[in-house]
Amino acid sequence: MEFFNDILSILKTIQFRDIVDIMAISLIIFGLVRLVRETRAAQLLKGVIVLVIIYLLSSLFGLVMLSSLLRMVFESVIVIMVIIFQPEIRKALEQMGRNHNYTKIFKFLTKRGRSVEWEKSVKKSIVDAADTAVLFSRSKTGALLVFERETKLSDIASTGTIVDAETSVALFGNIFFNKAPLHDGASIIRDGKLYAAGCILPLTDNKNVDPNLGTRHRAALGMSEQSDAIILVVSEETGFISLAINGTLLRDFNREDLILKLEKFLIDDYVNEAEIEKAEKIEKHELPFVRSSKRKESEDDE
């Protein structure tokens with residue numbers, strides 16, 4: 001009975017801010033578990049736990065040198081953890097920054113009105129890209145076009161050549177011509193203009209991607225995972241036209257569907273994650289995570 005009285009006395013001292021504090025800590029722990037689960041960080045975390053167990057045993061059995069060494073390591077544990085888990089932490093922060101629920105307030109405060117000229121320029125770049133994709137699909141010419149959105153891609157653009165020119169089918173044709181010096185890289189379209197060409201994109205780390213996908217498609221998926229950009233891909237092997245959005249590949253577009261999809265994601269500022277997920281569920285195109293025996297997207301990106 002005294003035990004329950006002690007519990008009741010403790011509960012009476014709990015205030016609303018204590019509940020908020022506990023919920024915040026719980027969410028942080030939950031986020032950390034999700035961060036390390038099914039990633040390389042999970043294996044590293046197991047190694048850290050082993051070191052903690054060794055430290056406890058060395059302290060218990062009086063191993064002074066070993067326990068002192070491990071204590072020195074644990075004193076710098078925060079810096080060490082940041083260095084070890086840098087890729088996972090960066091990915092989590094990027095996902096948080098791209099989350100519509102977090103960014104809509106910043107968009108409301110910082111968003112500048114987009115002019116009619118901007119919309120016309122973006123629409124023209126979309127039509128030029130769609131016309132180019134159709135031509136490339138017929139001739140089986142590989143292409144990789146990155147449409148920049150909220151996340152700026154200046155670091156990616158710096159790996160290529162700055163162009164900053166009006167888009168056109170002729171310009172895209174010259175860039176992605178098989179013998180052209182910039183045809184192997186990706187072209188970045190910013191605010192309706194061709195900003196850079198010959199850029200190197202990061203490859204996806206997703207192990208569940210269809211193994212038949214080539215380097216060009218893996219680069220498109222990797223770029224869509226690390227930013228909110230929309231990436232247009234034309235397969236050099238099959239001529240299929242695809243879009244990479246949020247780590248998902250939507251495939252086999254025709255000109256009209258491609259224009260509608262690009263206008264939806266590039267011009268409509270209120271498209272959020274829920275709408276993208278809904279579009280993926282009703283999408284009839286194949287996804288990269290489902291292996292297909294009737295379509296082979298293997299390509300030679302040399």
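Among contacts in the protein between residues at least 6 apart in sequence, what percentage join residues at least 24 apart? The figure is 65%, where contact means heavy atoms within 4.5 Å.

1. Basis of the model. This is a predicted model, in which local features need pLDDT of at least 70 and side-chain atom pairs count only at pLDDT 80 or more, while totals for chains, interfaces and linings use all residues. Residues are numbered from 1 along each chain as its sequence is written, and side-chain values use heavy atoms, with hydrogens and water left out.

2. Overall content. The protein has 13 helices and seven strands; these are DSSP runs numbered from the N terminus, helices being H or I with at least four residues and strands E with at least two. Of its 302 residues, 36% are buried. Buried means under 20% relative accessible area, exposed means over 50%, and partly exposed is in between, with a 1.4 Å probe and protein chains only. The accessible surface comes to about 18800 Å², and 61% of it belongs to carbon and sulfur atoms. Such areas come from the Shrake-Rupley method with a 1.4 Å probe; for residues, only the protein chains shown count as cover.

3. Seven strands form an open sheet in the order 2-4-3-1-5-6-7, with mixed pairing. Strand 2 (161-166) and strand 7 (248-251) are at the edges and have a single partner strand each, so one side of each lacks a neighbour in the sheet. From one strand to the next, the twist averages 25°. Strands pair if DSSP finds at least two bridges between them. Strand 1 (residues 143-147) and strand 5 (residues 230-234) have five bridges and run in the antiparallel sense; F147 has I230 of strand 5 as its bridge partner. Helix 12 (residues 255-266) packs on the sheet and touches strand 1, strand 5, strand 6 (241-245) and strand 7, its direction making about 15° with that of strand 6. Axes are lines fitted to C-alpha atoms, for helices over the stretch in contact, and angles run from 0 to 180 degrees between N-to-C directions.

4. Salt bridges. There are seven salt bridges in the structure, each a side-chain nitrogen of Lys or Arg within 4 Å of a carboxyl oxygen of Asp or Glu. In one of them, D131 and R255 have their closest N and O atoms 2.5 Å apart. D131 is in helix 8 (residues 116-139) and R255 in helix 12, 124 residues apart. D131 is partly exposed at 22% relative accessible area, and R255 is partly exposed at 30%.

5. A buried pair. R190 and E148 meet in a salt bridge at 2.6 Å, N to O. R190 lies in strand 3 (residues 186-190) and E148 in the loop between strand 1 and helix 9 (154-157), so the pair ties together parts 42 residues apart in sequence. Both R190 and E148 are buried. A network of salt bridges links E148, K152 and R190.

6. Helix 3. A nonpolar surface patch, with about 980 Å² of accessible area together, includes L45, I54 and F61. Patches are made of residues with over 30% relative accessible area and no salt bridge, joined within 9 Å for like charges and within 5 Å for nonpolar side chains (Val, Leu, Ile, Met, Phe, Trp, Tyr). Helix 3 (residues 40-60) gives the largest share, eight residues. I54 lies in helix 3 and is partly exposed at 33% relative accessibility. S58, also found in helix 3, is buried at 1%. Not counting residues up to four places away in sequence, S58 touches L63, L66, S67 and L70.
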